[in-house]
Amino acid sequence: MGEDYAGVLETAAMLRRMIEAIEKIPSASDFCNPYNKQFCCLSRQIKLFTPMLDELWDRSTSIPDEAIKTLVPLAGAIAAAGELLQFGNQGSKIYMVLDRDRTLQRFKDVNIRLEHALDVISFNKLGITVEVREQVDLVHGQLKRAKDPVDGSDIDLYNDLSSIYKSIDSNTDPVILRRVVENLQLSNISNLTQESVALHELVVLTGGADPEQSLERMSMLLKKMKDFVLTQNHEMENRPNPIIPVSKWSFSTHLIFRLSSCKLEDQCSAAAELRLLAKRGSAYRRCIADAGAVPLLTTLLSQSDPNTQEHAIAALLNLSIVEDHKELIISSGALPKIVHVLKNGSMEARQNAAATLFSLSSVDENKVLIGCASGAIPALVSLLSEGGEQGKRDAASALFNLCICKRNKSKAVRAGVVPTLVNLLMEPGGLMKDMALTVLANVSSHPKGKVAILAAVTVSMLVELIRSKSSRNSENAASILLHLCVGEQQPICLAEAQECEAIPALQALAVIGTDRAKRKAVLLLEYMKIFRDQQMHALSQTKFHANSC
(Lines give C-alpha, C1' and ligand atoms only; values in the text may rest on other atoms or scores of the structure.)
Protein backbone atom coordinates (compact mmCIF):
# COMPACT_ATOMS: atom_id res chain seq x y z
CA MET A 1 0.00 0.00 0.00
CA GLY A 2 2.89 2.34 0.89
CA GLU A 3 4.56 1.68 -2.46
CA ASP A 4 1.31 2.39 -4.32
CA TYR A 5 0.90 5.69 -2.47
CA ALA A 6 4.49 6.66 -3.22
CA GLY A 7 3.89 5.87 -6.89
CA VAL A 8 0.80 8.12 -6.96
CA LEU A 9 2.78 10.96 -5.38
CA GLU A 10 5.60 10.51 -7.90
CA THR A 11 3.11 10.56 -10.80
CA ALA A 12 1.42 13.70 -9.48
CA ALA A 13 4.79 15.40 -8.96
CA MET A 14 5.93 14.65 -12.53
CA LEU A 15 2.66 15.91 -14.02
CA ARG A 16 2.80 19.04 -11.86
CA ARG A 17 6.40 19.74 -12.99
CA MET A 18 5.34 19.55 -16.64
CA ILE A 19 2.28 21.76 -16.10
CA GLU A 20 4.33 24.36 -14.21
CA ALA A 21 7.07 24.30 -16.86
CA ILE A 22 4.48 25.03 -19.56
CA GLU A 23 2.92 27.82 -17.47
CA LYS A 24 6.33 29.55 -17.34
CA ILE A 25 6.76 29.49 -21.12
CA PRO A 26 6.67 33.01 -22.63
CA SER A 27 3.79 34.04 -24.86
CA ALA A 28 4.28 34.59 -28.60
CA SER A 29 4.40 38.37 -28.08
CA ASP A 30 7.37 38.01 -25.70
CA PHE A 31 9.75 36.94 -28.48
CA CYS A 32 11.50 39.76 -30.28
CA ASN A 33 14.50 38.36 -32.14
CA PRO A 34 15.52 37.04 -35.59
CA TYR A 35 14.11 33.57 -34.74
CA ASN A 36 10.62 34.78 -33.79
CA LYS A 37 8.88 32.32 -36.10
CA GLN A 38 10.63 29.26 -34.63
CA PHE A 39 10.23 30.40 -31.01
CA CYS A 40 6.53 31.26 -31.46
CA CYS A 41 5.87 27.93 -33.20
CA LEU A 42 7.62 25.95 -30.44
CA SER A 43 5.80 27.92 -27.74
CA ARG A 44 2.41 27.13 -29.32
CA GLN A 45 3.31 23.44 -29.74
CA ILE A 46 4.34 23.02 -26.10
CA LYS A 47 1.23 24.80 -24.83
CA LEU A 48 -0.94 22.36 -26.81
CA PHE A 49 0.12 19.66 -24.32
CA THR A 50 -1.77 21.47 -21.53
CA PRO A 51 -5.21 19.84 -22.12
CA MET A 52 -3.62 16.35 -22.07
CA LEU A 53 -1.70 17.06 -18.86
CA ASP A 54 -4.83 18.56 -17.25
CA GLU A 55 -6.76 15.36 -18.05
CA LEU A 56 -3.98 13.17 -16.68
CA TRP A 57 -3.70 15.32 -13.55
CA ASP A 58 -7.42 14.81 -12.85
CA ARG A 59 -6.92 11.02 -13.15
CA SER A 60 -3.40 10.73 -11.69
CA THR A 61 -4.47 8.20 -9.03
CA SER A 62 -5.85 5.71 -11.56
CA ILE A 63 -3.25 5.70 -14.36
CA PRO A 64 -1.29 2.40 -14.66
CA ASP A 65 2.41 2.62 -13.71
CA GLU A 66 3.57 1.25 -17.07
CA ALA A 67 1.65 4.04 -18.86
CA ILE A 68 3.05 6.75 -16.58
CA LYS A 69 6.62 5.60 -17.27
CA THR A 70 6.12 6.36 -20.97
CA LEU A 71 5.66 10.04 -20.05
CA VAL A 72 9.16 10.41 -18.57
CA PRO A 73 10.84 11.35 -21.91
CA LEU A 74 8.12 13.97 -22.49
CA ALA A 75 8.89 15.56 -19.12
CA GLY A 76 12.55 15.90 -20.10
CA ALA A 77 11.68 17.23 -23.57
CA ILE A 78 9.32 19.86 -22.15
CA ALA A 79 12.02 20.99 -19.71
CA ALA A 80 14.54 21.32 -22.57
CA ALA A 81 11.99 23.23 -24.69
CA GLY A 82 11.31 25.54 -21.73
CA GLU A 83 15.02 26.38 -21.41
CA LEU A 84 15.28 27.13 -25.14
CA LEU A 85 12.16 29.34 -25.04
CA GLN A 86 13.49 31.27 -22.03
CA PHE A 87 16.68 31.81 -24.03
CA GLY A 88 14.53 33.13 -26.89
CA ASN A 89 12.84 35.54 -24.51
CA GLN A 90 15.85 36.76 -22.53
CA GLY A 91 18.92 35.72 -24.52
CA SER A 92 21.28 37.92 -26.51
CA LYS A 93 20.06 38.72 -30.03
CA ILE A 94 23.60 39.37 -31.22
CA TYR A 95 24.72 35.97 -29.98
CA MET A 96 21.73 34.23 -31.63
CA VAL A 97 22.60 35.64 -35.05
CA LEU A 98 26.38 35.27 -34.92
CA ASP A 99 26.20 31.76 -33.45
CA ARG A 100 23.26 30.72 -35.63
CA ASP A 101 24.48 27.15 -36.21
CA ARG A 102 24.34 26.42 -32.49
CA THR A 103 20.98 28.15 -32.14
CA LEU A 104 19.43 26.13 -34.97
CA GLN A 105 20.94 22.94 -33.57
CA ARG A 106 19.19 23.59 -30.25
CA PHE A 107 15.85 23.81 -32.10
CA LYS A 108 16.64 20.58 -33.92
CA ASP A 109 17.62 18.78 -30.69
CA VAL A 110 14.42 19.85 -28.91
CA ASN A 111 12.28 18.81 -31.90
CA ILE A 112 13.92 15.37 -31.95
CA ARG A 113 13.41 14.93 -28.19
CA LEU A 114 9.75 15.92 -28.42
CA GLU A 115 9.11 13.65 -31.41
CA HIS A 116 10.78 10.69 -29.66
CA ALA A 117 8.83 11.39 -26.46
CA LEU A 118 5.52 11.29 -28.36
CA ASP A 119 6.59 8.11 -30.21
CA VAL A 120 6.87 6.13 -26.95
CA ILE A 121 3.77 7.37 -25.07
CA SER A 122 1.13 4.67 -24.44
CA PHE A 123 -1.87 6.83 -25.35
CA ASN A 124 -4.34 3.93 -25.22
CA LYS A 125 -3.34 3.02 -21.67
CA LEU A 126 -3.41 6.65 -20.56
CA GLY A 127 -7.07 6.82 -21.65
CA ILE A 128 -7.11 10.43 -22.87
CA THR A 129 -10.13 11.71 -24.81
CA VAL A 130 -10.29 11.61 -28.61
CA GLU A 131 -10.18 15.43 -28.94
CA VAL A 132 -7.06 15.75 -26.80
CA ARG A 133 -5.40 12.86 -28.65
CA GLU A 134 -6.08 14.61 -31.94
CA GLN A 135 -4.48 17.80 -30.60
CA VAL A 136 -1.35 15.87 -29.58
CA ASP A 137 -1.31 14.09 -32.95
CA LEU A 138 -1.33 17.51 -34.62
CA VAL A 139 1.84 18.51 -32.74
CA HIS A 140 3.41 15.12 -33.48
CA GLY A 141 2.81 15.59 -37.19
CA GLN A 142 4.30 19.09 -37.13
CA LEU A 143 7.44 17.79 -35.40
CA LYS A 144 7.86 15.03 -37.98
CA ARG A 145 7.73 17.59 -40.77
CA ALA A 146 10.23 19.91 -39.08
CA LYS A 147 13.34 17.71 -38.89
CA ASP A 148 15.58 20.52 -40.19
CA PRO A 149 14.48 23.90 -38.86
CA VAL A 150 14.69 26.65 -41.43
CA ASP A 151 17.12 29.45 -40.63
CA GLY A 152 14.79 32.26 -39.63
CA SER A 153 17.51 34.89 -39.37
CA ASP A 154 17.90 37.15 -42.38
CA ILE A 155 21.08 36.26 -44.26
CA ASP A 156 21.65 39.96 -44.92
CA LEU A 157 21.44 40.62 -41.19
CA TYR A 158 23.99 37.87 -40.54
CA ASN A 159 26.33 39.30 -43.17
CA ASP A 160 25.97 42.86 -41.84
CA LEU A 161 26.55 41.80 -38.26
CA SER A 162 29.50 39.60 -39.22
CA SER A 163 31.16 42.42 -41.14
CA ILE A 164 30.99 44.72 -38.11
CA TYR A 165 32.11 41.92 -35.78
CA LYS A 166 35.14 41.01 -37.90
CA SER A 167 36.31 44.62 -38.22
CA ILE A 168 35.31 45.83 -34.79
CA ASP A 169 38.20 48.28 -34.48
CA SER A 170 37.50 49.95 -37.83
CA ASN A 171 34.98 52.62 -38.73
CA THR A 172 31.61 51.16 -39.66
CA ASP A 173 29.35 52.37 -42.43
CA PRO A 174 26.40 54.12 -40.65
CA VAL A 175 24.01 52.68 -43.23
CA ILE A 176 24.97 49.15 -42.15
CA LEU A 177 24.72 50.11 -38.47
CA ARG A 178 21.25 51.50 -39.02
CA ARG A 179 20.12 48.30 -40.76
CA VAL A 180 21.48 46.12 -37.95
CA VAL A 181 19.96 48.26 -35.19
CA GLU A 182 16.54 48.24 -36.88
CA ASN A 183 16.56 44.53 -37.77
CA LEU A 184 17.63 43.52 -34.25
CA GLN A 185 15.07 45.98 -32.81
CA LEU A 186 17.74 47.63 -30.65
CA SER A 187 16.80 51.19 -31.53
CA ASN A 188 16.06 52.43 -27.99
CA ILE A 189 17.94 52.52 -24.68
CA SER A 190 15.61 50.03 -22.98
CA ASN A 191 16.24 47.31 -25.59
CA LEU A 192 19.97 48.06 -25.66
CA THR A 193 20.13 47.71 -21.87
CA GLN A 194 18.32 44.38 -22.03
CA GLU A 195 20.80 43.16 -24.67
CA SER A 196 23.69 44.30 -22.47
CA VAL A 197 22.28 42.30 -19.52
CA ALA A 198 21.86 39.23 -21.77
CA LEU A 199 25.50 39.41 -22.91
CA HIS A 200 26.64 39.85 -19.30
CA GLU A 201 24.71 36.71 -18.31
CA LEU A 202 26.54 34.80 -21.06
CA VAL A 203 29.85 35.91 -19.55
CA VAL A 204 28.67 34.70 -16.11
CA LEU A 205 27.53 31.35 -17.53
CA THR A 206 30.93 30.73 -19.14
CA GLY A 207 32.69 31.62 -15.89
CA GLY A 208 34.51 34.44 -17.66
CA ALA A 209 36.20 32.00 -20.04
CA ASP A 210 36.36 33.61 -23.49
CA PRO A 211 39.39 32.14 -25.25
CA GLU A 212 38.47 33.51 -28.67
CA GLN A 213 37.39 36.86 -27.17
CA SER A 214 34.05 36.42 -28.97
CA LEU A 215 31.94 37.71 -26.07
CA GLU A 216 34.27 40.68 -25.63
CA ARG A 217 33.93 41.52 -29.32
CA MET A 218 30.14 41.16 -29.09
CA SER A 219 30.17 43.65 -26.19
CA MET A 220 32.24 46.05 -28.27
CA LEU A 221 29.79 45.59 -31.15
CA LEU A 222 26.90 46.42 -28.82
CA LYS A 223 28.70 49.56 -27.63
CA LYS A 224 29.04 50.65 -31.26
CA MET A 225 25.27 50.23 -31.72
CA LYS A 226 24.54 52.12 -28.50
CA ASP A 227 26.76 55.05 -29.55
CA PHE A 228 25.02 55.12 -32.94
CA VAL A 229 21.53 55.13 -31.38
CA LEU A 230 22.45 57.89 -28.90
CA THR A 231 23.88 59.99 -31.74
CA GLN A 232 20.78 59.50 -33.88
CA ASN A 233 18.43 60.33 -31.01
CA HIS A 234 20.39 63.51 -30.26
CA GLU A 235 20.14 64.61 -33.89
CA MET A 236 16.40 63.94 -33.96
CA GLU A 237 15.83 65.95 -30.77
CA ASN A 238 17.61 68.95 -32.29
CA ARG A 239 15.54 68.92 -35.49
CA PRO A 240 12.83 71.63 -35.42
CA ASN A 241 10.40 69.50 -37.44
CA PRO A 242 11.20 65.78 -37.31
CA ILE A 243 10.11 64.10 -40.56
CA ILE A 244 7.91 61.04 -40.11
CA PRO A 245 7.77 58.64 -43.08
CA VAL A 246 4.36 58.91 -44.70
CA SER A 247 4.27 55.19 -45.58
CA LYS A 248 4.32 54.09 -41.92
CA TRP A 249 3.02 56.64 -39.48
CA SER A 250 1.34 59.74 -40.85
CA PHE A 251 -2.12 58.29 -41.37
CA SER A 252 -1.97 56.81 -37.83
CA THR A 253 0.16 60.22 -36.09
CA HIS A 254 -3.71 61.99 -37.14
CA LEU A 255 -6.29 59.14 -36.44
CA ILE A 256 -4.92 58.31 -32.99
CA PHE A 257 -5.20 61.96 -32.06
CA ARG A 258 -8.86 62.00 -33.11
CA LEU A 259 -9.49 58.68 -31.34
CA SER A 260 -8.43 60.27 -28.04
CA SER A 261 -10.54 63.39 -28.66
CA CYS A 262 -13.21 64.48 -26.21
CA LYS A 263 -15.70 64.82 -29.06
CA LEU A 264 -17.83 61.75 -29.74
CA GLU A 265 -18.04 62.44 -33.49
CA ASP A 266 -14.23 62.52 -33.75
CA GLN A 267 -13.93 59.25 -31.85
CA CYS A 268 -16.59 57.57 -33.98
CA SER A 269 -15.17 58.68 -37.34
CA ALA A 270 -11.59 57.77 -36.31
CA ALA A 271 -12.71 54.30 -35.15
CA ALA A 272 -14.58 53.83 -38.44
CA GLU A 273 -11.48 54.75 -40.49
CA LEU A 274 -9.23 52.50 -38.41
CA ARG A 275 -11.73 49.68 -38.89
CA LEU A 276 -11.41 50.01 -42.66
CA LEU A 277 -7.64 50.46 -42.66
CA ALA A 278 -7.18 47.37 -40.47
CA LYS A 279 -8.91 45.31 -43.18
CA ARG A 280 -6.26 46.19 -45.78
CA GLY A 281 -3.53 43.86 -44.56
CA SER A 282 -1.04 43.00 -41.82
CA ALA A 283 1.23 46.01 -42.53
CA TYR A 284 -1.65 48.38 -41.77
CA ARG A 285 -2.67 46.36 -38.73
CA ARG A 286 0.85 46.48 -37.28
CA CYS A 287 1.15 50.18 -37.97
CA ILE A 288 -2.17 50.93 -36.22
CA ALA A 289 -1.22 48.83 -33.18
CA ASP A 290 2.28 50.32 -33.00
CA ALA A 291 0.75 53.80 -32.98
CA GLY A 292 -1.08 52.93 -29.73
CA ALA A 293 -4.61 52.39 -31.00
CA VAL A 294 -5.49 49.25 -29.00
CA PRO A 295 -5.94 50.84 -25.51
CA LEU A 296 -7.95 53.70 -27.03
CA LEU A 297 -10.22 51.35 -29.00
CA THR A 298 -10.66 49.28 -25.84
CA THR A 299 -11.89 52.36 -23.98
CA LEU A 300 -14.46 53.04 -26.71
CA LEU A 301 -16.07 49.62 -26.13
CA SER A 302 -17.73 51.14 -23.06
CA GLN A 303 -19.27 53.96 -25.12
CA SER A 304 -23.06 54.15 -25.03
CA ASP A 305 -23.16 55.29 -28.65
CA PRO A 306 -23.87 52.13 -30.69
CA ASN A 307 -22.05 53.30 -33.86
CA THR A 308 -18.83 54.10 -32.00
CA GLN A 309 -19.00 50.78 -30.17
CA GLU A 310 -19.59 48.87 -33.44
CA HIS A 311 -16.60 50.50 -35.15
CA ALA A 312 -14.32 49.96 -32.13
CA ILE A 313 -15.08 46.23 -31.74
CA ALA A 314 -14.77 45.68 -35.51
CA ALA A 315 -11.38 47.44 -35.54
CA LEU A 316 -10.15 45.27 -32.64
CA LEU A 317 -11.38 42.17 -34.47
CA ASN A 318 -9.35 43.12 -37.55
CA LEU A 319 -6.27 43.90 -35.44
CA SER A 320 -6.55 40.58 -33.57
CA ILE A 321 -5.76 38.67 -36.77
CA VAL A 322 -2.05 39.44 -36.19
CA GLU A 323 -0.71 36.86 -33.71
CA ASP A 324 1.27 39.39 -31.64
CA HIS A 325 -1.78 41.60 -31.23
CA LYS A 326 -3.80 38.95 -29.38
CA GLU A 327 -1.63 39.35 -26.29
CA LEU A 328 -1.67 43.15 -26.72
CA ILE A 329 -5.48 43.20 -26.75
CA ILE A 330 -5.74 40.95 -23.68
CA SER A 331 -3.10 42.94 -21.75
CA SER A 332 -4.93 46.21 -22.52
CA GLY A 333 -7.83 44.99 -20.34
CA ALA A 334 -10.14 44.53 -23.32
CA LEU A 335 -11.62 41.15 -22.33
CA PRO A 336 -14.34 42.29 -19.86
CA LYS A 337 -15.29 45.10 -22.25
CA ILE A 338 -15.56 42.72 -25.21
CA VAL A 339 -17.88 40.56 -23.06
CA HIS A 340 -19.86 43.71 -22.20
CA VAL A 341 -20.38 44.35 -25.93
CA LEU A 342 -21.27 40.68 -26.47
CA LYS A 343 -24.01 40.99 -23.85
CA ASN A 344 -25.34 44.49 -24.47
CA GLY A 345 -24.30 45.74 -27.92
CA SER A 346 -26.24 45.91 -31.16
CA MET A 347 -26.55 42.63 -33.06
CA GLU A 348 -23.67 43.62 -35.37
CA ALA A 349 -21.48 44.55 -32.39
CA ARG A 350 -22.35 41.29 -30.58
CA GLN A 351 -21.47 39.32 -33.70
CA ASN A 352 -18.07 41.04 -33.99
CA ALA A 353 -17.45 40.57 -30.26
CA ALA A 354 -18.02 36.81 -30.67
CA ALA A 355 -15.68 36.75 -33.68
CA THR A 356 -13.04 38.62 -31.64
CA LEU A 357 -13.28 36.04 -28.83
CA PHE A 358 -12.91 33.30 -31.45
CA SER A 359 -9.76 34.97 -32.78
CA LEU A 360 -8.27 35.53 -29.31
CA SER A 361 -9.09 31.96 -28.21
CA SER A 362 -6.72 30.49 -30.78
CA VAL A 363 -4.04 31.13 -28.11
CA ASP A 364 -4.36 28.38 -25.49
CA GLU A 365 -3.86 30.55 -22.39
CA ASN A 366 -6.60 32.86 -23.65
CA LYS A 367 -9.08 29.96 -23.66
CA VAL A 368 -8.81 29.84 -19.87
CA LEU A 369 -8.91 33.65 -19.48
CA ILE A 370 -12.03 33.99 -21.66
CA GLY A 371 -13.70 31.06 -19.88
CA CYS A 372 -13.06 32.79 -16.55
CA ALA A 373 -14.35 36.17 -17.79
CA SER A 374 -17.67 36.93 -16.13
CA GLY A 375 -20.55 35.83 -18.35
CA ALA A 376 -18.53 35.22 -21.54
CA ILE A 377 -19.73 31.67 -22.22
CA PRO A 378 -23.42 32.29 -21.32
CA ALA A 379 -23.36 35.37 -23.58
CA LEU A 380 -22.02 33.28 -26.47
CA VAL A 381 -24.76 30.70 -25.89
CA SER A 382 -27.34 33.50 -25.95
CA LEU A 383 -26.00 34.77 -29.30
CA LEU A 384 -26.01 31.20 -30.59
CA SER A 385 -29.73 31.14 -29.85
CA GLU A 386 -30.74 34.70 -30.82
CA GLY A 387 -28.31 35.83 -33.53
CA GLY A 388 -28.57 35.82 -37.29
CA GLU A 389 -26.78 33.12 -39.29
CA GLN A 390 -23.36 34.82 -39.16
CA GLY A 391 -23.76 35.67 -35.47
CA LYS A 392 -24.63 32.05 -34.71
CA ARG A 393 -21.62 30.84 -36.67
CA ASP A 394 -19.28 33.24 -34.86
CA ALA A 395 -20.70 32.18 -31.48
CA ALA A 396 -20.43 28.47 -32.37
CA SER A 397 -16.82 28.91 -33.56
CA ALA A 398 -15.86 30.70 -30.34
CA LEU A 399 -17.60 28.06 -28.19
CA PHE A 400 -15.85 25.25 -30.08
CA ASN A 401 -12.43 26.82 -29.45
CA LEU A 402 -13.18 27.53 -25.80
CA CYS A 403 -14.53 24.03 -25.17
CA ILE A 404 -11.20 22.48 -26.17
CA CYS A 405 -10.32 23.51 -22.60
CA LYS A 406 -11.95 20.95 -20.28
CA ARG A 407 -13.06 23.39 -17.60
CA ASN A 408 -14.99 25.44 -20.17
CA LYS A 409 -17.08 22.46 -21.28
CA SER A 410 -18.96 22.24 -17.99
CA LYS A 411 -19.54 26.03 -18.06
CA ALA A 412 -21.02 25.75 -21.55
CA VAL A 413 -23.28 22.87 -20.47
CA ARG A 414 -24.47 24.85 -17.43
CA ALA A 415 -25.21 27.79 -19.75
CA GLY A 416 -27.56 25.57 -21.80
CA VAL A 417 -25.42 25.04 -24.89
CA VAL A 418 -26.71 21.50 -25.54
CA PRO A 419 -30.46 22.23 -25.99
CA THR A 420 -29.52 25.33 -28.02
CA LEU A 421 -27.36 23.23 -30.35
CA VAL A 422 -30.06 20.56 -30.65
CA ASN A 423 -32.58 23.26 -31.65
CA LEU A 424 -30.18 24.34 -34.40
CA LEU A 425 -29.96 20.72 -35.57
CA MET A 426 -33.73 20.63 -35.97
CA GLU A 427 -34.01 23.96 -37.83
CA PRO A 428 -35.58 23.76 -41.32
CA GLY A 429 -32.92 23.99 -43.99
CA GLY A 430 -30.21 22.80 -41.62
CA LEU A 431 -27.96 25.84 -42.21
CA MET A 432 -26.30 25.41 -38.80
CA LYS A 433 -26.31 21.60 -38.69
CA ASP A 434 -22.57 21.23 -39.38
CA MET A 435 -21.50 23.78 -36.74
CA ALA A 436 -23.99 22.46 -34.17
CA LEU A 437 -22.72 18.89 -34.55
CA THR A 438 -19.08 20.04 -34.35
CA VAL A 439 -19.65 21.78 -31.01
CA LEU A 440 -21.81 18.91 -29.69
CA ALA A 441 -19.04 16.44 -30.52
CA ASN A 442 -16.61 18.58 -28.52
CA VAL A 443 -18.92 18.88 -25.49
CA SER A 444 -19.88 15.17 -25.57
CA SER A 445 -16.49 14.14 -24.14
CA HIS A 446 -17.41 15.77 -20.80
CA PRO A 447 -19.52 13.76 -18.29
CA LYS A 448 -21.99 16.62 -17.84
CA GLY A 449 -22.11 17.07 -21.60
CA LYS A 450 -23.06 13.39 -22.05
CA VAL A 451 -25.89 13.68 -19.53
CA ALA A 452 -27.26 16.80 -21.25
CA ILE A 453 -27.02 15.23 -24.72
CA LEU A 454 -28.78 12.04 -23.62
CA ALA A 455 -31.60 14.21 -22.27
CA ALA A 456 -31.97 16.10 -25.56
CA VAL A 457 -30.98 13.69 -28.36
CA THR A 458 -32.07 10.16 -29.20
CA VAL A 459 -29.64 7.52 -30.42
CA SER A 460 -31.80 7.07 -33.52
CA MET A 461 -31.20 10.75 -34.39
CA LEU A 462 -27.44 10.20 -34.20
CA VAL A 463 -27.64 7.06 -36.34
CA GLU A 464 -29.63 8.99 -38.94
CA LEU A 465 -26.93 11.67 -38.94
CA ILE A 466 -24.22 9.00 -39.37
CA ARG A 467 -26.02 8.05 -42.59
CA SER A 468 -25.70 11.67 -43.75
CA LYS A 469 -24.04 12.44 -47.09
CA SER A 470 -21.82 14.98 -45.34
CA SER A 471 -18.60 13.25 -44.24
CA ARG A 472 -18.05 15.89 -41.57
CA ASN A 473 -21.52 15.44 -40.07
CA SER A 474 -21.21 11.64 -40.17
CA GLU A 475 -17.89 11.80 -38.32
CA ASN A 476 -19.20 14.19 -35.65
CA ALA A 477 -22.35 12.12 -35.10
CA ALA A 478 -20.20 8.99 -34.73
CA SER A 479 -17.96 10.84 -32.28
CA ILE A 480 -20.96 11.83 -30.13
CA LEU A 481 -22.35 8.28 -30.17
CA LEU A 482 -18.92 6.89 -29.25
CA HIS A 483 -18.70 9.17 -26.20
CA LEU A 484 -22.24 8.22 -25.13
CA CYS A 485 -21.34 4.52 -25.39
CA VAL A 486 -18.53 4.88 -22.84
CA GLY A 487 -19.57 4.98 -19.19
CA GLU A 488 -22.69 4.26 -17.16
CA GLN A 489 -25.11 4.73 -20.05
CA GLN A 490 -23.27 2.28 -22.33
CA PRO A 491 -25.78 -0.64 -22.16
CA ILE A 492 -28.78 1.61 -22.85
CA CYS A 493 -27.08 3.44 -25.74
CA LEU A 494 -25.78 0.25 -27.34
CA ALA A 495 -29.19 -1.41 -27.04
CA GLU A 496 -30.85 1.60 -28.71
CA ALA A 497 -28.19 1.65 -31.44
CA GLN A 498 -28.81 -2.02 -32.12
CA GLU A 499 -32.57 -1.49 -32.30
CA CYS A 500 -32.29 1.32 -34.87
CA GLU A 501 -29.94 -0.73 -37.08
CA ALA A 502 -26.79 1.29 -36.53
CA ILE A 503 -24.48 -1.54 -37.65
CA PRO A 504 -24.94 -1.12 -41.45
CA ALA A 505 -24.43 2.66 -41.14
CA LEU A 506 -21.27 2.16 -39.07
CA GLN A 507 -19.96 -0.50 -41.44
CA ALA A 508 -20.39 1.91 -44.36
CA LEU A 509 -18.66 4.69 -42.42
CA ALA A 510 -15.76 2.36 -41.59
CA VAL A 511 -15.21 1.93 -45.35
CA ILE A 512 -15.94 5.32 -46.92
CA GLY A 513 -15.44 7.77 -44.03
CA THR A 514 -12.46 9.96 -43.21
CA ASP A 515 -9.58 8.33 -41.32
CA ARG A 516 -10.88 9.67 -38.01
CA ALA A 517 -14.45 8.64 -38.84
CA LYS A 518 -13.23 5.13 -39.73
CA ARG A 519 -11.49 4.78 -36.35
CA LYS A 520 -14.62 5.87 -34.49
CA ALA A 521 -16.87 3.58 -36.53
CA VAL A 522 -14.58 0.58 -35.92
CA LEU A 523 -14.56 1.25 -32.17
CA LEU A 524 -18.36 1.49 -32.08
CA LEU A 525 -18.68 -1.76 -34.04
CA GLU A 526 -16.35 -3.46 -31.55
CA TYR A 527 -18.46 -2.19 -28.64
CA MET A 528 -21.63 -3.42 -30.32
CA LYS A 529 -20.09 -6.84 -31.01
CA ILE A 530 -19.07 -7.22 -27.37
CA PHE A 531 -22.54 -6.10 -26.31
CA ARG A 532 -24.21 -8.65 -28.62
CA ASP A 533 -21.90 -11.41 -27.36
CA GLN A 534 -22.79 -10.53 -23.78
CA GLN A 535 -26.48 -10.61 -24.65
CA MET A 536 -26.13 -14.02 -26.32
CA HIS A 537 -24.17 -15.35 -23.34
CA ALA A 538 -26.79 -14.06 -20.89
CA LEU A 539 -29.57 -15.62 -23.00
CA SER A 540 -27.82 -19.00 -23.17
CA GLN A 541 -27.24 -18.92 -19.41
CA THR A 542 -30.93 -18.19 -18.85
CA LYS A 543 -31.98 -21.10 -21.09
CA PHE A 544 -29.48 -23.41 -19.36
CA HIS A 545 -30.87 -22.58 -15.92
CA ALA A 546 -34.45 -22.94 -17.21
CA ASN A 547 -33.68 -26.42 -18.63
CA SER A 548 -31.93 -27.42 -15.42
CA CYS A 549 -35.03 -26.57 -13.42
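Which residues does Leu380 touch, not counting residues up to four places away in sequence? The close-ups below begin with that one. This is a predicted model, in which local features need pLDDT of at least 70 and side-chain atom pairs count only at pLDDT 80 or more, while totals for chains, interfaces and linings use all residues. Residues are numbered from 1 along each chain as its sequence is written, and side-chain values use heavy atoms, with hydrogens and water left out.

**View 1. Leu380 and its contacts in the largest nonpolar core.** Leu380 touches Leu342, Ala354, Leu357, Ala395, Ala398, Leu399 and Leu402, leaving aside residues up to four places away in sequence; contact means heavy atoms within 4.5 Å. The largest nonpolar core has 90 residues, and those touching the most other members are Leu259, Leu297, Ile338, Leu380, Leu384 and Val417. A second, separate core of 70 residues includes Ala67, Val97, Ile128 and Leu202. Here a nonpolar core is a set of buried Ala, Val, Leu, Ile, Met, Phe, Trp, Tyr and Cys residues joined through side-chain atoms within 4.5 Å. Buried means under 20% relative accessible area, exposed over 50%, and partly exposed in between (1.4 Å probe, protein chains only).

View 2. The structure holds three aromatic pairs. Rings of Phe, Tyr and Trp (its six-membered ring) pair if their centres lie within 6.5 Å; planes under 30 degrees apart count as stacked, over 60 as edge-to-face and the rest as tilted. Helices are DSSP runs (H or I, at least four residues), numbered from the N terminus.

**View 3. Phe87 and Tyr95, edge-to-face.** The ring centres of Phe87 and Tyr95 are 6.3 Å apart and the planes are at 90 degrees, so the pair is edge-to-face. Phe87 counts as buried at 14% relative accessibility, and Tyr95 does at 15%.

**View 4. Asn111 in helix H7.** Asn111 has its place in helix H7 (residues 100–120). With 11% relative accessibility, Asn111 counts as buried. Leaving aside residues up to four places away in sequence, Asn111 touches Leu42, Leu143 and Ala146.

**View 5. Arginines over aromatic rings.** Arg16 lies over the face of Trp57, at 4.6 Å from the ring centre. The charged end of Arg280 sits over the ring of Tyr284, 5.5 Å from its centre. A charge sits over a ring if NZ of Lys or CZ of Arg is within 6 Å of the ring centre and within 35 degrees of the ring normal.

Key
Helix = DSSP H or I, 4+ residues; strand = E, 2+ residues; numbered from the N terminus.
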